[in-house]
Amino acid sequence: MPRVSVHRKAHFNAAHRLYRKDWTDEKNTAVFSKCSNPNFHGHNYELIVSLTGEIDEETGYVFDLGVLRNHIKLEIEDAFDHKNLNVEVPEFMDLNPTAENISVVIYNKLRKLLPDHLDLKITLYETPRNFVSYSGE
Ligand SMILES: Nc1nc2c(c(=O)[nH]1)N=C([C@H](O)[C@H](O)COP(=O)(O)OP(=O)(O)OP(=O)(O)O)CN2
């Protein structure tokens, strides 16, 4: 069967500060500049979750996008939307919430819910022009 990719878009608004606890404020500011504002700042994150696999002969689906929507809502949107990532989301209390690290956390949360035969790719837009992708490599 042909291998096809299916995609689901989602979004969440969240505040964060790029910051390492083991660095001084001066070093954090030197490295992360305005993104290390001690009073935090927000982004409108745009997320694309992509699954690649063979089309199921019976259903014609690679994976039910309604099921994927529910996983994203419960695992990502409910956990991150309108939250301060550094303060309120356990995964980032000791992990700098860069777009890279957020994409890996999202991957790991979704990977465990999805069938092993499907390839998973996370694309995360932090701003309309800054985005990252992660495929579990
Ligand atoms: N490798 C990374 N670099 C940067 C990250 C990141 O997560 N990974 N994050 C930031 C900032 O948090 C933010 O994304 C940058 O905001 P800004 O400079 O305002 O970017 P914009 O695209 O909105 O604005 P431009 O004027 O188009 O640059 C920084 N780096």
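These questions and answers go through some descriptions of a predicted model and the reasons behind them.

Q: What makes the pattern of the protein chain β-α-β-α-β-α-α-β-β?
A: The protein chain has 4 helices and 5 strands, and reading these elements along the sequence gives the pattern β-α-β-α-β-α-α-β-β.

Q: Which values describe how helix α2 and helix α4 pack?
A: Two packed helices are described by the angle between their axes and the distance between the axes. For helix α2 (residues 65-80) and helix α4 (residues 99-111), the angle is about 130° and the axes are 10 Å apart.

Q: Which residues of α2 and α4 meet, and what classes does the contact have?
A: On the α2 side they are His71, Glu75 and Ile76, and these meet Ile106, Lys109 and Leu110 in α4. By class, this contact has 3 nonpolar, 1 polar and 2 charged residues.

Q: What makes up the shell around the ligand?
A: The residues around the ligand are Leu18, Cys35, Thr98, Ala99, Glu100, Glu126, Thr127, Arg129 and Asn130. By class, this shell has 3 nonpolar, 3 polar and 3 charged residues.

Q: Why is Ser135 called partly exposed?
A: Ser135, which lies in the segment after β5 (131-134), has 13 other C-beta atoms within 10 Å. A residue is buried with 20 or more such atoms and exposed with 12 or fewer, so a count of 13 lies in between and Ser135 is partly exposed.

Q: How do you know that Ser135 has contacts beyond its neighbours within four places in sequence?
A: Leaving those neighbours aside, Ser135 is in contact with Asp119 and Lys121. Separately, the C-alpha atoms of Ser135 and Tyr107 are separated by 7.6 Å, although these residues are 28 residues apart along the chain.

Q: What share of the contacts in the protein chain joins residues at least 24 apart in sequence?
A: Among contacts between residues at least 6 apart in sequence, 68% join residues at least 24 apart. As for burial, buried residues make up 23% of the 137 residues in the protein chain.

How values were computed
Residues are numbered from 1 along each chain as its sequence is written. This is a predicted model: local features need pLDDT of at least 70, side-chain atom pairs count only at pLDDT 80 or more; totals for chains, interfaces and linings use all residues. Axes are lines fitted to C-alpha atoms, for helices over the stretch in contact, and angles run from 0 to 180 degrees between N-to-C directions. Helices (H or I, at least four residues) and strands (E, at least two) are DSSP runs, numbered from the N terminus. Two residues are in contact if their C-beta atoms, placed from the backbone, lie within 7 Å. Ala, Val, Leu, Ile, Met, Phe, Trp, Tyr, Cys and Pro count as nonpolar, Asp, Glu, Lys and Arg as charged, and the others, Gly among them, as polar. A residue is near a molecule or strand if its C-beta atom, placed from the backbone, lies within 6 Å of it.
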